[in-house]
Amino acid sequence: MVTLLAITLVINHADAMCIMDTDWPSKPCIDTSPPLPLSKTEWKDLWSEYYTFKGSDWMEKQKIELDKQVKSGNLKEWIESGYDTQNFTNYNVWFYYYVNDQAPAPAGYELDAIVTSREILPPLKQFKSGIPINEIQCKEGLELVVKSSDSSPACVNPQSAVILLERGWNSLGNNLTLDLSVGQQGGSLLVQKIFPDHITGLNFIEYPVAREDGFPITLYVGDSASNGCTVEVTLLKINNNTATFLKKEYNDRPCPICLSEDTMIETPNGPVNVKETTQGMKVFTQDSGGNRIVGIILKTGKTPVQSDHKMVHIILKDKRELYASPDHPTSDGRILGELSVGENLDGSVIMIAETILYHGKYTYDILPSGPTGNYWADEILMKTTLK
């Protein structure tokens, strides 16, 4: 387990000791003995502020130096240089790129990939300790409900949650119960048949690629169906011809699977920045025979992203390049994040396929008219995620 220095997290420890860092003076710190039981992904979230603080140009220059140290075999010595003067520049640079899977860790500096020891306190203890009711955490698989009479919280399984909700308890967030009969739809699920112990129906996926046709699905009590990101329904009980579900809506969960804000879309009037595209604008698309035709934009999409959102950067042998979210589909149905160097994309060989941090606030997409949903983004044929 790596010894972490001046981590970007504020926790009240009576015995916390702060290490001054001349490279990042405003960085808070904590007592790291023992280190917090966080995964690499969680440390990545905490460390994203360092990239913002230093700036992309400076960080990319430091990445070049970091790569040199990795190749020379001097990474550990380079990381530790500056400790005696409380300048942790090299350590900070390395740790940022390490948690973003762009640099290795020397022996003794590895982070556990999976958290095994984090304890979640009972909800009432969290509440009495001053944690706001809407920030109380439940263990995986449990739902947070609140007693109406005294606002006391409880974490219960979905089946118990529906009983308590029927008795007047409240559910936080956007969770609600949903009664469906044959032929009715809730969230992504269309109920087709109801049996004593299960239901069958169609599930309509919206992420990573929106589908017009639903997929057959069978749900027993406790099973869930999802649109792929923002909506989930869990079967709670069956009573005669009615199935009761717990519906969760994750409105704060962005599902960015689109293009970067700098992408240019091919139109009859020349390339247009995807941010400037509008409904009704003419755009190049494909017909079912693969021919280039003129269509119109039926819909535009704009999705907010979190500060740690990643983009896939593709460079082809013919110099075309594209930045898009890992789950964005290609015109032939593959996913960008699954492409590798040496594979073909739109008639050319992939020379670079890397994942990088995205600094935009939104991702974008368009829906062209016609049967294919294909269009050219930065001169590379791609498929829409909209419907």
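Strand E1, made of residues 143–146, and strand E2 pair in the antiparallel sense over 4 bridges, in what is a predicted model. One of the residue pairs that can be traced across these strands is that of Glu143 with its bridge partner in E2, Val156.

Elsewhere in the chain, 3 strands form an open sheet in the order E14-E15-E20, and their pairing is antiparallel. The edge strands are E14 and E20, the latter spanning 362–368, and each of them pairs on one side only. Neighbouring strands of this sheet are turned by 55° against each other on average, when direction is ignored.

Within the sheet, E14 and strand E15, which runs over residues 292–304, pair over 5 bridges in the antiparallel sense, and Val283 stands opposite Gly295 in E15. The hairpin of E14 and E15 has 5 residues between the strands, and Gly290 takes a positive phi near 85° there. Strand E14, residues 282–286, is largely enclosed by the rest of the structure, because 4 of its 5 residues are buried.

## The surroundings of Glu266

Glu266 lies in the loop between strand E12 (264–265) and strand E13 (272–273). Leaving aside residues up to four places away in sequence, Glu266 touches Pro271, Val283, Phe284, Arg292, Trp376 and Glu379.

Glu266 is buried yet has no salt bridge. The nearest side chain of opposite charge belongs to Arg292 and is 4.3 Å away, whereas a salt bridge is counted within 4 Å.

Helix H4, formed by residues 89–99, is mostly covered, since 11 of its 11 residues are buried. The buried residues of H4 include Trp94, Phe95, Tyr96, Tyr97 and Tyr98, as well as Thr89 and Val99. The helix is followed by Asp101, whose phi is positive, near 60°.

Gly73 is found in the loop between helix H2 (56–72) and helix H3 (75–80). Gly73 counts as exposed because its relative accessibility is 56%, and the cut-off for that word is over 50%. Although Gly73 and Pro106 are 33 residues apart along the chain, their C-alpha atoms are separated by 9.4 Å.

## Confidence in the model

The mean pLDDT of the protein is 81, and 81% of its residues reach 70 or more. Over residues 1–18, however, the pLDDT is below 50, although this stretch has 57 contacts in the model beyond near neighbours in sequence. Residues 113–118 also have a pLDDT that stays under 50, and for them the model has 9 contacts beyond four places in sequence.

Where pLDDT is low, the predicted coordinates should not be read in detail.

Conventions:
Residues are numbered from 1 along each chain as its sequence is written. This is a predicted model: local features need pLDDT of at least 70, side-chain atom pairs count only at pLDDT 80 or more; totals for chains, interfaces and linings use all residues. Side-chain values use heavy atoms; hydrogens and water are left out. Helices (H or I, at least four residues) and strands (E, at least two) are DSSP runs, numbered from the N terminus. Buried means under 20% relative accessible area, exposed over 50%, partly exposed in between (1.4 Å probe, protein chains only). Lys and Arg count as positive and Asp and Glu as negative; His and the chain ends are not counted. Contact means heavy atoms within 4.5 Å. Two strands pair if DSSP finds at least two bridges between them. pLDDT is the predictor's confidence in each residue, from 0 to 100. Axes are lines fitted to C-alpha atoms, for helices over the stretch in contact, and angles run from 0 to 180 degrees between N-to-C directions.
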